[in-house]
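Hi everyone, thanks for coming. Let's take a friendly first look at the spaces inside a protein and on its surface.

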Amino acid sequence: MQWKVPLFETDFGPAELEAVQEPVRRGWLTLGELTQELERQFAERVGVRHAFAVSNCTVGLHLCTAAAGLGPGDEVICPTLTFVATANAIKYVGATPVFADSVSEDNLNIGPEQVERCITPRTKAILVVHYAGFPVDMPGIMALAERHKLIVLEDCAHALFSRVAGRTCGAWGQSAAFSFFGNKNMTCGEGGMVTTDSDEVAEKVRLMRSHGMTTLTLDRYKGRAFQYDVVSHGYNYRLDEIRASLALAQLRRLPQFLCERQRVRDRYVARLAGSPVKVPHFDWAARSGPGDYVGHHIMPVLLPAGMDRPALAARLKEAGIQTSVHYRAVHTFSAFASGVASGPRPVFTEALADRELTLPMYPTQSDGQVDLVCEALLECL
């Protein structure tokens with residue numbers, strides 16, 4: 001279908017075309033010097049000592065939970081309003097996800113109060129998600145974690161490079177995972193990054209990412225090593241040079257992308273003000289601090305209670321406007337009907353998730369396209 005306004009649109013140009021050819025010219029396609037340069041620049045942007053490029057954000061989350069030493073019998077608190085990969089990464093290591101409620105209609109993230117309700121003697125970690133790019137109250141979460149001696153991990157799939165209290169998302173927890181999937185703010189198709197400030201965690205991630213081997217193939221190719229040992233169990237979670245080079249090109253353009261996304265959101269907020277459609281974090285600019293920043297990723301809105309969302313989405317589709325849902329509450333999926341800890345059911349978020357509709361957002365989206373979406377949406381209501 002030819003959309004008048006697609007949900008997202010990837011912005012590739014001459015720099016990206018040049019980038020994907022560079023590794024071919026160099027003759028080295030597996031994890032190499034371009035990947036290492038991407039890691040160096042990314043760590044610098046986040047403000048941490050270590051960054052590891054991985055094949056996608058899901059495996060990055062797996063590395064975070066594994067490096068934290070989580071396992072059977074441990075409970076990990078996470079939001080239910082997230083992509084299922086967040087909860088799956090907890091299950092991968094045999095731990096048990098515990099689903100927390102969102103703070104409010106205005107703040108779809110989890111907060112310290114919602115997390116504290118879920119803490120039990122078996123709680124070992126909190127896995128936060130910076131939904132839509134809006135940072136979680138990390139100072140509050142870190143204080144809560146310190147009181148209860150809990151590990152904090154971050155799912156930053158939406159938050160590139162959001163900040164709260166002057167610190168970038170991905171630099172708060174023990175480790176964090178980012179996504180470079182096709183619809184993300186910078187993309188290389190598939191790919192991701194793990195960040196950490198801990199030397200101990202970094203060593204674990206470095207080994208687990210590549211089969212537990214002590215040296216990389218690149219080291220042996222460059223003559224820096226002749227053989228290797230395998231010192232731990234590991235995985236093949238590496239990123240290749242072609243995608244790393246593409247991600248580098250996108251990283252250089254990211255400031256422009258984020259500026260344009262802010263413009264698109266501002267237009268939506270202005271056009272939907274006073275309507276029956278609620279825009280979460282409507283007053284973010286007014287209540288944020290001087291060290292806060294949002295790298296907007298998606299444009300979620302809440303429909304009035306009782307609205308037939310599928311019918312509304314179908315009418316918008318007829319008008320050439322693509323929409324989506326982010327997300328169905330994870331605890332309502334069949335796969336999570338068992339194997340999760342008993343606790344307070346996040347019924348508030350369950351109701352919110354049923355009202356959420358994601359509107360188109362991308363850097364090349366024109367003001368006229370935003371207006372078209374808003375006019376069609378309000379007409380449907």
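Searching the whole structure turns up three cavities of 30 Å³ or more. By cavity I mean a set of points on a 1 Å grid over the protein atoms alone where a 1.4 Å probe fits but cannot get out; volume is the space filled by probe spheres set on the points, which are joined across faces, edges and corners.

Keep in mind that this is a predicted model: local features need pLDDT of at least 70, side-chain atom pairs count only at pLDDT 80 or more, and totals for chains, interfaces and linings use all residues. Residues are numbered from 1 along each chain as its sequence is written, and side-chain values use heavy atoms, with hydrogens and water left out.

Now, the pockets: a pocket is an open set with protein on both sides within 12 Å along at least five of seven lines. How big is the largest pocket? Its volume is about 380 Å³. Of its 21 lining residues, F83, A157, S179, F181 and K184 are closest to the centre.

Finally, where does I242 sit? I242 is in helix α9, residues 241–272, helices being DSSP runs (H or I) of at least four residues, numbered from the N terminus. I242 counts as partly exposed because its relative accessibility is 30%, between the limits for buried (under 20%) and exposed (over 50%), with a 1.4 Å probe and protein chains only.

Key:
1 Å grid on protein atoms, 1.4 Å probe; cavity = no way out; pocket = protein on both sides within 12 Å on 5 of 7 lines; lining within 4 Å. Helix = DSSP H or I, 4+ residues; strand = E, 2+ residues; numbered from the N terminus.
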